[in-house]
Amino acid sequence: MRKIPYGNSTKQRQENAVIVSSLPTQGRLASFVSARQLRRLCDRVFISGLLFLILFTPLAFGAAHPWAFSLMEALIFLLVVVWMGKLLLGTKEQEDGKMEEGIAGRRLSRMFLPLAFFIGFVFFQLVPLPPALLFVLSPSTYELYTQTFPGWPDRVPYASIASVASDTSIASIATDAPVASVASTASIAKDETETASTPGPQSDTLHAPRSTLHALWRSLSLAPLLTFTNLFKFLAYTALLLLVLFYPFGSASRQQLALPSPPPSWGRTKERGNSLDPREAEMRFVRTVLLAILCTGLFIAVLGVVQEFTWNGKILWFFVPYDWGEPHPGLTPRASGPFVNPNHFANYLALIFPLAITGALSGGLLTLQRRRKTLSPSTSGAERIFCGFVVLTLTLAILLSLSRGGWIGTVVGMSILFWVSPSSPLERSPGVGCQPKRLIARFALPGCFLLLALALFFLGPAGRSQVDVRLEQTVTEDQGLEGRAAVWPSFLGMVRDFPLLGVGLGAWPELWPHYRQPPWSRGWYSEAHNDYVQVFAETGVLGFALLLWFFWQGGRRLYDGLWQASPGTFPVLAALLAALGTMAFHEFVDFNLQIPANAFLFTLLFGLALRLTESGVRRPASGVRRLFQVSVAVGVAVLALTLCLLAVRQGGPPYPYNIKDPDSPVEARELLLSYPARSSGHLALFLSQDEATPADQLQELEAGLWLDPLNPLIHDLYAAVLAEQGREDEAMQEMTRSVSLAPSFGAHLYLSGLQEEGPSSLSEAEAAAVEEGFKQALNSSYEGAVGGLGTFYTAVKHFAEAGKVYEDAAVREEESEVQLSYLLNAGLAYARTEEGGGREKAETLLRQAATIAPQDPRPYQYLAVQVFAPRGDVASAKAVIAEGIKNRADTLSLTLSLAEAAQKAGDRREARAALEKALAFKQSSFEANFRLGLFYLQEKNFDRAVLSLRKATDLRPNDASAFYQLGVAEEGRYQFFTAQKAYARAVQLAPDNTGFQSRYEALQRKVAEQKSP
């Protein structure tokens, strides 16, 4: 192909036209379409794809689901193909240049070296290794495989289970008792599994048949599928960073792998012939991305605010998250926009907040002019107004998110911004940066307070009330930080056992149950709520050091480039650094970087900051260099296409909802091979092997207990198997351990039966074991131990002991609400004790409760109904009810309780008077009408009963009991037709109530008999 001279003069352009006209048609097409226009097309495709991802990732529920993040990954890899295509299109224009790589290019290569090492390290975590090598590299990983795979490494795990579909089904695993996950101490693990030391690799393993060696090899990652998914995301983020940092704009004769420094002037577009000046193309790219980020932040914030005030229980009014199960329309909403977690919503907006502040104050964010005086006043004013509106909207949304981490992160970002901005020389910093540091500090704080006051004004009373409650919870309860901190101790155990290589990227939630601290609870954490802690545990010292090395290099580059930046880029760089600092802080208390939308935005901002600080120029390379670049570009494009195809194959529900309960031994085996640290696979195998020997059953349960030592279901099954083998003492000890680690009635099936069937459901030895377990939990101050032991004593009719438990707990308790609950329970328990002055103790404790909470109606109600009514002391009941009304407790509920107490004492006149007084106080009360109707029904005053009960059904048309009692009253006054209608409605509302059904059928038979001759 003939080379066409390039120039801007009229003569030169005429000569070019003659040269081009002399070329064949195919040559002309290749010269213009294949080079210049295709390069422009690549630029447009690249920018369009990037803009689409900026908007798509947050709108797709944070891109947290496989369908969303797989599309994100695929598009990023396709943009890499576009990048490589542009490099190939530009290689012909590099023939005349010669030179080596610049200094900045070498520095960038060094910066990405630790990132490449980290990717290689994660790949190494996925590689199956022979047992002997695994034992040397990670003894704890080797030990876990020996515990979870019977006979490993001597034989292939579960080789006896056929690899074809099995007809054997697995019984229900009682999903209501979740597989608990808790930190077993080393001593408990050794006691349960009888493995006092970690065995070394057996010699038989090294001589195993060649056909079985691959089945014995295991990876360092304890959840390879999770590691692969997280590695894929990391590759996509790395590709995005490289794209934003290295994609060449404008003429392809520029550097291909390193961008130039910000030009000395950010002025108007300059044309070279028909080609856009590459420096202006570069700035147009930066302006476009910044504008897209601001517009997306504004849109997401508006969605969050609107959704807050139009809440219908679903995200974006149509999506129900997996862990919700059903819509929550009654839940007090927190602004979250398209995000499921309001904290991630707040973090996303907090990253954009410094950019909006900079635009509002400097007026040069989207124009990037060198000098303030070159900026058009109308342009500057419009930009400031727009950015000011974005700032106000972001502030409203962040406040309504009620995310304390988001609030503090926003403050941290603002502090970094105002600390950096005035630190530059005055002549270099336009807008906000041209003010002296003291002046900035003087006006920054009042400006922030003014912005906060304006935002609170627009929030309205409801929004301000939510913010007040959240602040009060922070001061008095702080449950969020306490819950996060409860997860962090597991980090120490993992780092102690897996110090060098970690447990596998993304595998933390699989192994967390083994290290979780007691007591057991139904809560399950899939993240550590501190990404630094989680990454350290997953990748060990080696992986964490590589990431730290990379970010240290990037941070140094940003810091150095900040003070060398041109005046036009300094405010933007300051805002980008503030956004990055916001994320660095928020990661201490949350897991925002595990949300693809937040990670995408963070990577994009990081890449933009690095691109603006780039100062090296790479001149065109020699022929040998060009050939190498072509080979690299083709190879990278092929690799990116391969990764794109792999990315689109991801789908289905997100983790852990993509893991279903096994339906057969084969599925249980596959679950264990894929997730060897998951105890549910062993539980499934135990339930499916009906013909297994007791030793095999115990082996599966012991493996499950080693992995999940707080799981009450596995403990209880283990105790049952021990009892079946006649090992009663060990079975009772296991039952005691189970109750002590999970002091909750709902966690143990036999305790649920105890409440329904009474003391006869447990043997004397079992009852003693349960009692000892609750006492051990109480001595350890485990949550729920007081209520569990008290409920146990109540179920076995030991009311005095139950009262004593609650009374002692009330003395120790400092929180008034919890103390009130203990006093009420103690009073109720003592009130049921007929000997030893139980009712006198009950009266004393309940009056103490009334002193703590004088406006709570419960102490007065319990005194009247449970203490005075059984003694027939209606006068004392009236007096205590009057005292409650005087203390402004709820009048209606107290009056109804007086009626109940009088009726229980046998004073029906006083009961009737109290019910009529309650109805006169509030005629629209369902309880007053319903209970007055029941009273008339007991007196066989069916006409008045019908009037009251019919009013009750009008007030609550979905109450089955009201319709049933109405039917009884209508039947009592021989109105069989209306009685049938009432019974039919009751049966319709409560189809499972056999009493309602039998009464309805009896009346139908009675009517049919009367009609028959």
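## A buried threonine

At 0% relative accessibility, Thr57 counts as buried (buried means under 20% relative accessible area, exposed over 50%, and partly exposed in between, with a 1.4 Å probe and protein chains only). Thr57 is found in helix α2, residues 25-59; helices here are DSSP runs of H or I with at least four residues, numbered from the N terminus. Met72 sits 15 residues away from Thr57 in sequence, and the two C-alpha atoms are 7.3 Å apart in space.

A word on the model itself: it is predicted, so local features need pLDDT of at least 70 and side-chain atom pairs count only at pLDDT 80 or more, while totals for chains, interfaces and linings use all residues. Residues are numbered from 1 along each chain as its sequence is written, and side-chain values use heavy atoms, with hydrogens and water left out.

## Salt bridges

A salt bridge here is a side-chain nitrogen of Lys or Arg within 4 Å of a carboxyl oxygen of Asp or Glu. By this rule the count comes to 22 salt bridges. One of them pairs Arg727 with Glu730, with the closest N and O atoms 2.8 Å apart. Arg727 is partly exposed at 29% relative accessibility, and Glu730 is partly exposed at 36%.

Arg737 and Glu734 also form a salt bridge, again with 2.8 Å between the closest N and O atoms. Both residues lie in helix α27 (residues 728-741), three residues apart, which is about one turn of the helix. Arg737 is partly exposed at 27%, whereas Glu734 is buried at 3%.

Then there's Glu843, whose side chain meets that of Arg847 in a salt bridge at 3.4 Å, N to O. This pair lies in helix α33 (residues 838-852), four residues apart, or about one turn of the helix. Salt bridges that share partners join Glu843, Arg847, Arg871 and Glu883 into one network.

## A nonpolar surface patch

Leu88, Val634 and Val638 make up a nonpolar patch on the surface, and together they have about 220 Å² of accessible area. Patches are built from residues with over 30% relative accessible area and no salt bridge, joining like charges within 9 Å and nonpolar side chains (Val, Leu, Ile, Met, Phe, Trp, Tyr) within 5 Å. The areas come from the Shrake-Rupley method with a 1.4 Å probe, and for residues only the protein chains shown count as cover. Leu88 belongs to helix α3, residues 66-90, and is partly exposed at 32% relative accessibility.

Most residues other than glycine have a negative phi, and most peptide bonds are trans. Here are some exceptions. The bond joining Trp152 and Pro153 is cis, with omega about 10 degrees, and Pro153 sits in the loop between α6 (139-148) and α7 (186-193). Another cis bond runs from Tyr655 to Pro656, with omega near 5 degrees; Pro656 is in the loop between α22 (623-648) and α23 (665-674).

As for positive phi, Lys797 has a value near 70 degrees and lies in the loop between α30 (785-795) and α31 (799-812). Tyr974 has a phi of about 65 degrees and is placed in the loop between α40 (960-972) and α41 (976-989). With a relative accessible area of 63%, Tyr974 is exposed.

How values were computed:
Helix = DSSP H or I, 4+ residues; strand = E, 2+ residues; numbered from the N terminus.
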